[in-house]
Amino acid sequence: MSEFIDIKKIGKVYERKIALSSLSLSVKKGEFIALIGPSGAGKTTLLNLLAATLPPDQGEITIDGQLLAEMTDQKKRAKKIGIIRQQFDLIGELPVIHNVLAGKLSEWGIMKSLLSMFFPQDKQDAILALTRVGLRDKLYERTSALSGGEQQRVALARLLIQNPEIVLADEPVASLDPARAEDILALLVKIASEGNQTLIASLHSVEYAKKYFDRLIALKDGYLFFDLPASSVTDAHIASLYKLKEQA
Ligand SMILES: Nc1ncnc2c1ncn2[C@@H]1O[C@H](COP(=O)(O)OP(=O)(O)OP(=O)(O)O)[C@@H](O)[C@H]1O
C-alpha cells in the first residue's frame, strides 16, 4: 500500500474556537480508518476538510499526489471523494430512485440531469445499487416514507452509484438503534471493501470502531490524541480519551 492521502499541518479556526490544530496524518490506499473522540474533538471538521467542503486555514491536503485545493473539477473530485452524512442528505419528497441517481449528477451534464428528473436515466444502475442494499422493491417509493435505516441504505446506494475511491462517512449510524446501526455499518464496510475503497468514518461507538476498522485515529480538542492499529487500542487509551477535564 502506498501513501494516498497526506494531511500536512492542517488547522481550522471557527471565530475564536480552534477546531483543528496543526494536524498531520497520512493514509494508505485501502485503509479503513475510524475517527473517534469526544464531542467537539474536530472529527466532522476533518471530514469536511477532506471532502473539500471546507477550506483549511493552515496546511494542505494531498490526495494521490494532487493538492486537494487544486482539485476544482467537480466531476474528477466526485470520482475521488464521496461523503455520507448522518442526516443522509436525501430529498425526502422525491422517489428513492432520484436520490440514488443523484450519485451520478456530477458525472452527467445539465441536460441529462434535468431529463432524469422526469425520466430516470441509467435506471438499471439504480436498480442494481438498490438490490445490493436490499431495497429493490422501494425504487419508486417516496424517500421520506422510508425508515431511518432504509434511508441510510438509500444513501449507501447513492454512494455505490458515485463509486468514489475515498469514502468519508460522518457518524453514519448515529441516528439508528443499535441493531440497525451495526447492520448499516457492516454494509458500509462490505461495500467499501468490495469496491477496494479507502474508508474514513467518524464514530461514537468505540466497540464498532474496533470491530470494523483497521486503524483508530483519536482526536481530542482539535489535536491528535492517538493513532493506533485497532488491535492495539486498550481500555486505558479509551478511558483517557473520553475522560472529562475535571477528572484529569
Ligand atoms: N460552523 C461552526 N462555527 C463555530 N464553531 C464550530 C462550527 N463547526 C464546529 N465548530 C466547533 O469546532 C469544534 C469541532 O467541531 P466538530 O463538529 O468538528 O467536532 P466533532 O468531533 O465532529 O463533534 P461531534 O462528535 O459532536 O459531532 C467544536 O468545538 C465546535 O463547537
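**Local features of the predicted model**

Just after helix α5, Gly 134 takes a positive phi of about 80 degrees. The model is a predicted one, so to speak: local features are reported at pLDDT of at least 70, side-chain atom pairs count only at pLDDT 80 or more, and totals for chains, interfaces and linings use all residues. Residues are numbered from 1 along each chain as its sequence is written. Helices (H or I, at least four residues) and strands (E, at least two) are DSSP runs, numbered from the N terminus.

Back to α5, which spans residues 123–132. Its buried residues (20 or more other C-beta atoms within 10 Å of their own, with C-beta atoms placed from the backbone) are Ala 126, Ala 129 and Leu 130. Seen down the helix axis, these fall within an arc of 95 degrees, so they line one face of α5; the arc is that of the directions from the axis to the C-beta atoms. An α-helix has 3.6 residues a turn, so residues three or four places apart point the same way. The cover over the buried residues of α5 includes α3 (96–101) and α6 (148–162), where contact is taken as backbone-placed C-beta atoms within 7 Å.

On the strand side, β6 (residues 81–85) is mostly covered, with four of its five residues buried. β6 pairs with β7 (residues 166–170) in the parallel sense over five bridges; pairing asks for at least two DSSP bridges between the strands. Gly 82 has Val 167 in β7 as its bridge partner. A second pair, β9 (residues 215–220) and β10 (residues 223–229), is antiparallel and runs over six bridges. Here Lys 220 is bridged to Tyr 223 of β10. β9 and β10 make a hairpin with two residues between them, and Asp 221 in the turn shows a positive phi of about 50 degrees.

Then there is the ligand. Residues around it (C-beta atom, placed from the backbone, within 6 Å) include Tyr 14, Glu 15, Lys 17, Gly 37, Lys 43 and Thr 44. β2 (17–28) and α1 (43–50) each supply at least two residues of this shell, and α1 gives the largest share, three residues. By class, the shell has three nonpolar, six polar and three charged residues.

Finally, Lys 243 sits in the segment after α9 (235–242). Lys 243 counts as exposed (12 or fewer neighbours) because it has 12 C-beta neighbours inside 10 Å.

Technical notes:
Nonpolar A, V, L, I, M, F, W, Y, C, P; charged D, E, K, R; others polar. Contact = placed C-beta atoms within 7 Å.
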